[in-house]
Amino acid sequence: MLITELKQKEDIMPLISAKTFVICCEGCKEVYFPADEAAEFSDELTKSATANGTVVTEYICNPEHLQLQLEKHMGKVDEAGTLLVFSCGVGVQTIAEMFADKKVFAACDTHPLPGHQGVTPLEYDCGQCGECHLGETGGICPITACSKSLVNGQCGGTKNGMCEVDKDMECGWERIYRRLEKQKRLDAMLHPVKVRDFTAGERAAKSMTTKD
């Protein structure tokens, strides 16, 4: 099971502009997700014209289902330069892959909980590392896309874009570079590595237990 919690509003607001479209997941049984809180905040952004539109739907980690849900919103999605996603890390990566030319930011952090983690047929995986920085790596997670979970760039063993640990696996950081290059955001790779607060998951779990 996972715990997904909203980032602080002061961390989310700088990511939003009038060209931002909000995609909000309703959560699933494998994820403890503050669906009502997320929907309320996304609705607030749209009503205040801070964002140019929003959609709330279930299972955004299912590309075919999501495509159907977005059909009537595609005009605003196309206009948007940024997509803000309220979901666990799997949903954010799904959307980043669908809209590889757009900046995709995570509005939530995902923490682990002991027990069954659920099953997804997708190749995307969430490392549940707490503070989610997918917006800075083009929606590709270096924790799971790199065999060594490097957060500061590729290792010296990469050859022809392939991982030295798994010869059939693309280097995660090669993928991140190409994605950011496509978005004309290579300057994002110049930022210092942010140290994650891994104790945040413990606080989130304690908070959930207290609420129950």
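**Figure 1. The aromatic pair of the predicted model.** The structure holds 1 aromatic pair. Rings of Phe, Tyr and Trp (its six-membered ring) pair if their centres lie within 6.5 Å; planes under 30 degrees apart count as stacked, over 60 as edge-to-face and the rest as tilted. The pair links distant parts of the chain, 45 residues apart: phenylalanine 41 sits in helix α2 (residues 35–47), phenylalanine 86 in strand β5 (residues 82–86). Helices (H or I, at least four residues) and strands (E, at least two) are DSSP runs, numbered from the N terminus. Phenylalanine 41 counts as buried because its relative accessibility is 4%. Phenylalanine 86 counts as buried too, at 0%. Buried means under 20% relative accessible area, exposed over 50%, partly exposed in between (1.4 Å probe, protein chains only). This is a predicted model: local features need pLDDT of at least 70, side-chain atom pairs count only at pLDDT 80 or more, and totals for chains, interfaces and linings use all residues. Residues are numbered from 1 along each chain as its sequence is written, and side-chain values use heavy atoms, with hydrogens and water left out.

Figure 2. Helix α2 has 13 residues and reaches 18 Å from its first C-alpha to its last, close to the expected 18 Å at 1.5 Å a residue. The expected span is 1.5 Å times one less than the number of residues. Ala38, Phe41, Ser42 and Leu45 of α2 are buried. They lie on the same side of α2, because they cover an arc of only 95° around the axis. The arc is that of the directions from the helix axis to the C-beta atoms. An α-helix has 3.6 residues a turn, so residues three or four places apart point the same way. Exposed Asp36, Glu40 and Lys47 are on the face of α2 turned away from its buried side. The buried residues of α2 pack against β1 (2–6), α1 (9–12), β2 (20–25), β4 (53–57) and β5. Contact means heavy atoms within 4.5 Å.

**Figure 3. The covered helix α5.** Helix α5 (residues 89–98) is mostly covered, with 8 of its 10 residues buried. Among them are Gly89, Val92 and Ile95. In the protein chain, buried residues make up 46% of the 212 residues.

**Figure 4. The largest cavity.** The count is 2 cavities of 30 Å³ or more. The largest cavity has a volume of about 120 Å³. It is lined by 15 residues, of which Cys129, Cys132, His133, Leu134 and Cys141 lie nearest its centre. On a 1 Å grid over the protein atoms alone, a cavity is a set of points where a 1.4 Å probe fits but cannot get out; lining residues have an atom within 4 Å of a point. Grid points are joined across faces, edges and corners, and a volume is the space filled by probe spheres set on the points.

**Figure 5. Two loop residues with positive phi.** Serine 149, a residue other than glycine, has a positive phi near 55°. Serine 149 is found in the loop between α6 (142–145) and α7 (172–182). At 32% relative accessibility, serine 149 counts as partly exposed. Lysine 184 also has a positive phi near 55°. Lysine 184 lies in the loop between α7 and α8 (200–211). Lysine 184 counts as exposed because its relative accessibility is 74%.

How values were computed: 1 Å grid on protein atoms, 1.4 Å probe; cavity = no way out; pocket = protein on both sides within 12 Å on 5 of 7 lines; lining within 4 Å.
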